[in-house]
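The following note sets out points on the fold and packing of the model shown below. Please read it alongside the coordinates.

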Amino acid sequence: MQGLAIRLTGLRKSYGRTEAVAGVDLEIADGEFFSMLGPSGSGKTTVLRMIAGFEPPTAGTVELAGRDVTRLAPFERDVHTVFQDYALFPHMTIEQNVAYSLKVRGVTRAERLVRARAALAQVRLDGLGRRRPAELSGGQRQRVALARALVGRPRVLLLDEPLGALDLKLREQMQVELKALQREVGITFVFVTHDQEEALTMSDRIAVFHQGRIAQTGTPAEIYERPATPFVAGFVGTSNLLSGDAARRVVGAPGTYSIRPEKIRITTEGKPTAGAGRAVGTVAEVVYLGDATRFLVDLDGGGRLTAVRQNLTDSSADLAALRGTRVGLQWDPRHAVLVPDAP
């Protein structure tokens with residue numbers, strides 16, 4: 001049976017009258033790649049810092065592998081934290097940076113060297129150990145920070161927006177490499193990010209934070225396809241939210257409904273598919289995205305829906321010409337997901 005790496009119970013953190021974390025209960029399994037996702041100020045980084053021991057909780061407990069570590073210092077916990085700024089020593093070589101924590105712990109020089117080189121090999125930086133941080137690219141420095149974290153063989157690796165300083169292309173590359181590395185080493189990764197795509201790409205499970213609480217926990221598919229609150233539907237990806245009269249007209253039932261733009265098909269007016277959800281309107285705006293195009297459609301009955309279509313054959317000029325035209329919108333009724341109201 002898979003054990004628990006982390007259990008948080010009733011975790012709270014207040015700064016004066018401001019409650020940054022307002023009661024978090026969470027369990028993370030051994031070997032999971034778990035992401036804490038949310039906007040700035042939602043409490044995710046504060047929770048990470050309480051797991052690491054950098055912040056004492058106002059209330060609640062932190063358990064690591066079944067052991068209550070709530071009042072223990074960071075160095076007494078079997079975790080390591082990787083930060084966005086890498087925090088490498090510029091005057092040391094890469095090998096010395098990676099081996100530094102082992103030196104502090106009194107590991108012999110020979111063993112430090114062996115373990116540092118093995119950690120660098122894990123992150124595909126073999127042969128670069130004698131260079132200094134300034135001689136490496138941003139992506140390479142990020143890998144050095146990971147190697148330094150892994151060399152101590154922690155039970156849990158905490159990553160605080162570690163890819164935030166990288167450009168888009170390199171960030172996408174590092175997402176794939178980081179997930180592959182986690183599978184290879186098999187330890188628990190807890191990853192903090194505000195980037196929805198990043199969380200969906202890499203995670204086994206995600207906790208979406210909102211106003212100091214967890215709004216929903218689940219697999220990427222559960223979070224995306226079955227959002228538990230309007231906030232989750234709007235924050236994770238792009239979603240059409242219909243409620244009130246618009247929901248009654250378009251979906252045919254009361255409540256709040258989420259329909260993802262890529263689930264909506266644009267058709268010629270008057271040719272609906274039997275059994276499909278549908279609406280009619282006028283294209284108000286066309287947004288060309290390169291590989292796809294986003295259409296904003298004002299509905300005849302009021303409200304607006306966004307639809308996305310892959311650019312398989314159309315040119316940007318062809319698509320721009322659709323602005324102001326009449327269109328029909330269709331979707332599988334199963335993709336109009338009822339979203340519970342937030343408590």
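**Note on sheet, helix packing and cores**

1. Strand β9 (residues 205–210) is joined to β10 by 5 bridges, and the two run antiparallel. F209 has I214 of β10 opposite. Strands are DSSP E runs of at least two residues and helices H or I runs of at least four, numbered from the N terminus; two strands pair if DSSP finds at least two bridges between them.

2. The model is predicted: local features need pLDDT of at least 70, side-chain atom pairs count only at pLDDT 80 or more, and totals for chains, interfaces and linings use all residues. Residues are numbered from 1 along each chain as its sequence is written, and side-chain values use heavy atoms, with hydrogens and water left out.

3. The open sheet has 6 strands in the order β6-β7-β8-β3-β9-β10, with mixed pairing. Because β6 (79–83) and β10 (213–218) are at the edges with a single partner strand each, one side of each lacks a neighbour in the sheet. From one strand to the next the twist averages 20° (axes are lines fitted to C-alpha atoms, for helices over the stretch in contact, and angles run from 0 to 180 degrees between N-to-C directions).

4. Helix α1 (residues 44–52) lies across β3 (33–37), β6, β7 (156–160), β8 (188–193) and β9, at about 145° to β7. Helix α4 (residues 138–150) also packs on the sheet, where it touches β6 and β7, and its direction makes about 170° with that of β6. Contact means heavy atoms within 4.5 Å.

5. The axes of α2 (residues 94–104) and α4 come within 7 Å and cross at roughly 30°. I94, N97, V98 and S101 of α2 meet V144, A147 and R148 of α4 in this contact.

6. The largest nonpolar core has 34 residues, of which V98, L146, L157, L159 and L178 touch the most other members. A nonpolar core is a set of buried Ala, Val, Leu, Ile, Met, Phe, Trp, Tyr and Cys residues joined through side-chain atoms within 4.5 Å, buried being under 20% relative accessible area (1.4 Å probe, protein chains only). Helix α4 gives the most to this core, with 6 residues. Neighbours within four places in sequence aside, L146 contacts V82, V123, L157, L159, M174, L178 and L181. A second, separate core of 25 residues includes F34, I51, V192 and A207.

7. Strands β1 (residues 4–15) and β2 (residues 18–29) pair in the antiparallel sense over 9 bridges. They form a hairpin with 2 residues between them, and G16 in the turn has a positive phi of about 65°.

Notes: Buried < 20%, exposed > 50% of the residue type's maximum accessible area, 1.4 Å probe, protein only.
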